[in-house]
Amino acid sequence: MIKKNKIKKPVYSCLPKKQKEVNILSELALDLRWSWDHSADEIWRQLYPELWDSTHNPWAVLQTISRDKFQSVTDDPKFRRRINFLLKSMKKSNAAPAWFQKQHSKSSLTCVAYFCMEFMLSEALPIYSGGLGNVAGDQLKTASDLGVPVVGISLLYQQGYFRQEIDIDGMQHALYPFNDPGQLPVRPMRQSNGEWLRLKIDLPGYPVWLRVWQARVGRVNLYLLDSNDVANFPVHRGITGELYGGDSDIRFKQELILGIGGWRLLEALDIHPEVCHLNEGHAAFAILERAYSFMQKTGQPFDVALAVTRAGNLFTTHTAVPAGFDLFKSTLIEQYLGEYAEQKLGITRQQLLALGRKNPADESENFNMAYLAIRGSGAVNGVSKLHGEVSRSMFESLFPNWPTNEVPVSHITNGVHMPTWDSKEADEIWTEACGKDRWLGMNKTLEQDIRKVSDERLWEMRTNANKTLIEFAGEYVSKQLIGSGHTSESAEGAKHLFNSSILTLGFARRFAPYKRPNLLLHDPERLLRLLTNPKFPVQLIIAGKAHPADQSGKDLIGEWMKFIRHTIPRPPVMFLADYDKHVSENLVQGVDVWINTPRRPWEASGTSGMKVLVNGGINLSELDGWWAEAYKPEVGWALGDGNEHDDDSAWDALEAEQLYNILENEIVPEFYTRNESGIPVAWISRMRESMAQLTPQFSADRTVREYTEQHYLPAAKTYLKRAAKKGLKGKQIVNQLQNLKESWESICFGETKIATSEKQHTFDVQVYFNDVNPDTVHVELFAEGMNGEAPQITNMERGKKSEGPAKGYHFVASVNSTRPATDYTPRAIPNLPAVSVPLETDLILWQR
């Protein structure tokens with residue numbers, strides 16, 4: 001039995017445990033609501049200003065402060081009243097009915113388990129790398145805002161993702177400082193007897209003990225597993241050491257712990273989700289453990305358990321290229337999961353391997369975690385409209401003979417948690433115009449309301465935001481230069497390199513060739529002329545890391561550092577090393593234009609450009625990911641022609657030319673064209689439209705509501721139906737599918753007659769079912785889509801019986817004769833109302 005975690009005295013603190021103020025502040029510090037609700041910032045600054053400003057970690061403040069300082073601050077009655085008010089407000093907010101409780105109070109959904117390899121919640125909890133963690137963290141926060149019953153599952157990394165240093169020669173170095181759990185805003189989960197909750201995972205030779213931690217995120221909890229337990233063999237203590245580090249063996253063990261360990265953790269906590277959301281394929285082993293758990297409770301075999309539980313599993317893929325999927329050698333799967341498959345799941349090793357292969361019989365094929373996720377889920381989605389299309393192409397080989405656009409991958413476009421990314425002044429403007437509850441799922445007039453804000457007010461916000469960013473960047477780079485061995489004169493000069501009245505461009509991404517971070521550097525002389533134009537100058541801030549194993553990415557950083565440090569005259573460009581959430585916040589709040597230059601279609605979604613929207617920044621981006629569906633001329637600028645060109649250096653050169661032209665001929669003139677009051681009216685008009693049209697559309701508020709209504713609620717309903725009566729419906733489905741598969745080849749098409757009139761073609765098709773029940777088959781007319789439109793699929797009505805012993809019927813349908821009859825092909829597909837076709841069965845028969 002697990003007891004409810006009580007707030008404990010900070011681990012390293014010498015503060016009196018029984019003092020009321022210690023408990024209040026500990027409770028505030030251990031709810032990561034402070035990462036987006038900044039109402040308590042000043043109390044942490046009062047307690048320890050230097051530490052708060054450098055860490056933004058209230059738990060570290062409480063760990064470090066002296067008794068005397070603590071006592072002197074808390075002796076102030078105004079301070080005590082303030083923290084009491086904050087605690088009451090937090091509890092009231094967490095307990096109040098939210099969007100989910102108001103809109104779906106009668107639903108069967110009680111819990112969604114959200115699995116992800118990383119979560120970006122705060123720089124004070126460094127268990128994230130970038131985009132994937134950004135999405136997971138923002139969706140967890142939004143679930144709290146909306147009251148969606150979600151629990152997060154991830155790993156607590158001792159070192160996390162690497163920290164970046166740029167040396168005096170401009171080269172990247174990877175650093176791995178230790179994350180002391182005692183100073184992170186997490187707490188150990190305790191059993192009712194006070195013992196630390198620990199799980200045991202059996203690996204070949206010896207077990208691995210996993211400690212359990214809890215991070216509170218408003219209304220929801222994030223549970224973290226950590227292998228750094230003293231009882232573990234030394235090599236296993238480091239399994240949860242680095243995020244995306246180590247070799248394939250370490251990566252496999254991490255994913256084993258996340259998936260199998262994560263589901264066992266839910267069981268240990270007595271949490272029973274109807275829905276399991278796999279945010280990327282890293283956690284796909286949870287599919288196996290969830291099925292095994294159902295087997296234990298019901299006595300059903302694996303195939304029935306999988307049929308039941310997959311209905312409640314959702315797989316979200318973020319990968320835009322096949323090389324991005326995690327692949328493991330078959331020998332590794334057999335070594336660690338062979339006995340698990342045979343002794344617990346009751347299946348052979350080959351059956352297990354088949355779940356992760358395109359061709360189950362191919363012994364040389366690696367095990368693909370995305371394939372396992374697809375075969376164990378009731379729905380699959382990409383993270384933008386374009387990414388949905390790309391994903392259907394990537395996975396079409398799993399659904400042979402099905403048209404690409406019918407491959408069962410939908411899309412829900414990502415969004416960002418606007419309260420996390422808006423500046424104080426942007427928050428004030430949105431609150432004045434749209435109300436303080438604008439991102440809580442209920443406000444339907446955001447677009448109209450924000451348009452009412454005056455030009456003067458918007459320009460004042462942008463001017464102040466840019467000034468704040470310039471001050472931050474100057475101080476940041478100055479410290480960075482001193483740390484890497486530059487002179488104090490160079491460091492001091494960095495503070496004065498930028499001017500807050502100048503157009504500021506921002507670019508911050510992972511440095512990888514496909515993201516083309518050096519497209520802007522294609523013609524260094526032209527870039528220098530753009531930046532140093534005496535009449536209309538421009539300044540540029542860059543940030544981003546290259547994976548330590550990606551030498552080409554590190555070389556791209558080196559090229560920028562060479563341009564920055566060795567070009568004469570010195571260009572107004574800053575590279576902010578060690579890009580993290582704190583740096584990102586400052587950038588997206590202050591830049592005027594956000595640049596993004598990925599090679600289409602390799603950007604699955606992208607979220608960095610979404611973060612500038614709420615702050616009045618404007619996007620200049622490749623027509624890829626989210627921008628492919630967001631772009632209109634009145635809200636920003638677009639690169640590319642909306643087509644794919646692969647890795648083509650000639651096309652890159654053309655796009656670099658386009659990039660320079662847009663900057664020189666459109667962006668710079670528009671920014672510097674002012675009215676008599678000094679306001680760039682056309683610029684503000686574009687900014688207002690970007691804020692009005694795009695901010696609500698690309699808010700995580702919209703994203704999480706779509707996940708809830710399109711996936712979580714129907715998945716919970718379907719799962720509960722299949723699970724009822726110990727999986728009776730699941731067993732029936734398995735039997736239906738098996739019977740249909742065994743007899744499917746006995747179906748055949750007979751004679752087709754086509755009658756054409758002025759307005760329509762009428763098809764009369766004979767279909768012979770032989771051993772198949774005709775009620776389990778759906779017959780359709782199919783025609784490819786024209787001009788990029790969806791295919792035309794027309795249901796054929798079953799008519800009279802055909803003569804003969806083969807159980808034949810006539811099927812009839814009429815279609816518009818604007819297209820030739822030869823465009824249409826009859827086909828037969830399974831007709832099982834409770835089954836997702838073709839996700840759960842890829843059977844299909846075309847007339848030849």
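Which residues of α12 are buried? In this predicted model, F302, V304, A305, L306, A307, V308 and T309 are. Buried means under 20% relative accessible area, exposed over 50% and partly exposed in between, with a 1.4 Å probe and protein chains only. Residues are numbered from 1 along each chain as its sequence is written, and side-chain values use heavy atoms, without hydrogens or water. Because the model is predicted, local features need pLDDT of at least 70 and side-chain atom pairs count only at pLDDT 80 or more, while totals for chains, interfaces and linings use all residues.

Helices (H or I, at least four residues) and strands (E, at least two) are DSSP runs, numbered from the N terminus. The buried residues of α12 pack against α11 (285-298), β10 (313-316), α13 (330-345), α15 and α29. Contact here means heavy atoms within 4.5 Å.

Strand β19 (residues 618-622) is also largely enclosed by the rest of the structure, because 5 of its 5 residues are buried. Parallel pairing joins β19 to strand β18 (residues 593-596) over 4 bridges. Two strands pair if DSSP finds at least two bridges between them. I595 has L620 of β19 as its bridge partner. From β18 the chain passes through α25 to β19, a right-handed β-α-β crossover. Right-handed means that, with the strands pointing away from the viewer, the path from the first strand over the helix to the second runs clockwise. Strand β20 (residues 636-639) is joined to β19 by 4 bridges, again in parallel. Within this pairing, S621 stands opposite A638 of β20.

A separate paragraph concerns an antiparallel sheet. This open sheet holds 4 strands in the order β24-β23-β27-β28. The edges are β24 (792-795) and β28 (845-846), each with a single partner strand, so one side of each is left without a neighbour in the sheet. Strands β23 (residues 777-783) and β27 (residues 825-830) are joined by 6 bridges in the antiparallel sense. V777 is the bridge partner of P830 in β27.

Empty space was then examined. Rolling a probe the size of a water molecule over the atoms shows where empty space is left. On a 1 Å grid over the protein atoms alone, a cavity is a set of points where a 1.4 Å probe fits but cannot get out; a pocket is an open set with protein on both sides within 12 Å along at least five of seven lines; lining residues have an atom within 4 Å of a point. Grid points are joined across faces, edges and corners, and a volume is the space filled by probe spheres set on the points.

The second largest pocket holds about 1,500 Å³. Its lining comprises 50 residues, and S129, G131, R510, Y514 and K515 lie nearest the centre. Helices α8 (131-146), α15 (369-375), α24 (581-590) and α25 (608-613) each supply at least two lining residues of this pocket. The most come from α8, with 4 residues. By class, the pocket lining has 21 nonpolar, 16 polar and 13 charged residues. Ala, Val, Leu, Ile, Met, Phe, Trp, Tyr, Cys and Pro count as nonpolar, Asp, Glu, Lys and Arg as charged, and the others, Gly among them, as polar.

The count of cavities of 30 Å³ or more is 3. The largest cavity has a volume of about 50 Å³. F507, P517, L520, L540, I542, W560, I595 and T597 line the largest cavity. That lining has 7 nonpolar residues, 1 polar residue and no charged residues. Helices α8 and α29 (700-743) are the elements that give two or more residues to the lining of the second largest cavity. By class, 5 of these lining residues are nonpolar, 1 is polar and none is charged.

Some backbone features lie in loops. The peptide bond from I568 to P569 is cis, with omega near -5°. P569 sits in the loop between α23 (551-566) and β17 (573-576). The bond joining V837 and P838 is also cis, with omega about 10°. P838 belongs to the loop between β27 and β28. D270, a residue other than glycine, has a positive phi near 60°. D270 is in the loop between α10 (248-268) and β9 (275-279), and counts as exposed at 57% relative accessibility. D646 likewise has a positive phi, of about 55°, although it is not a glycine. D646 lies in the loop between β20 and α27 (649-672) and is exposed, with a relative accessible area of 59%.
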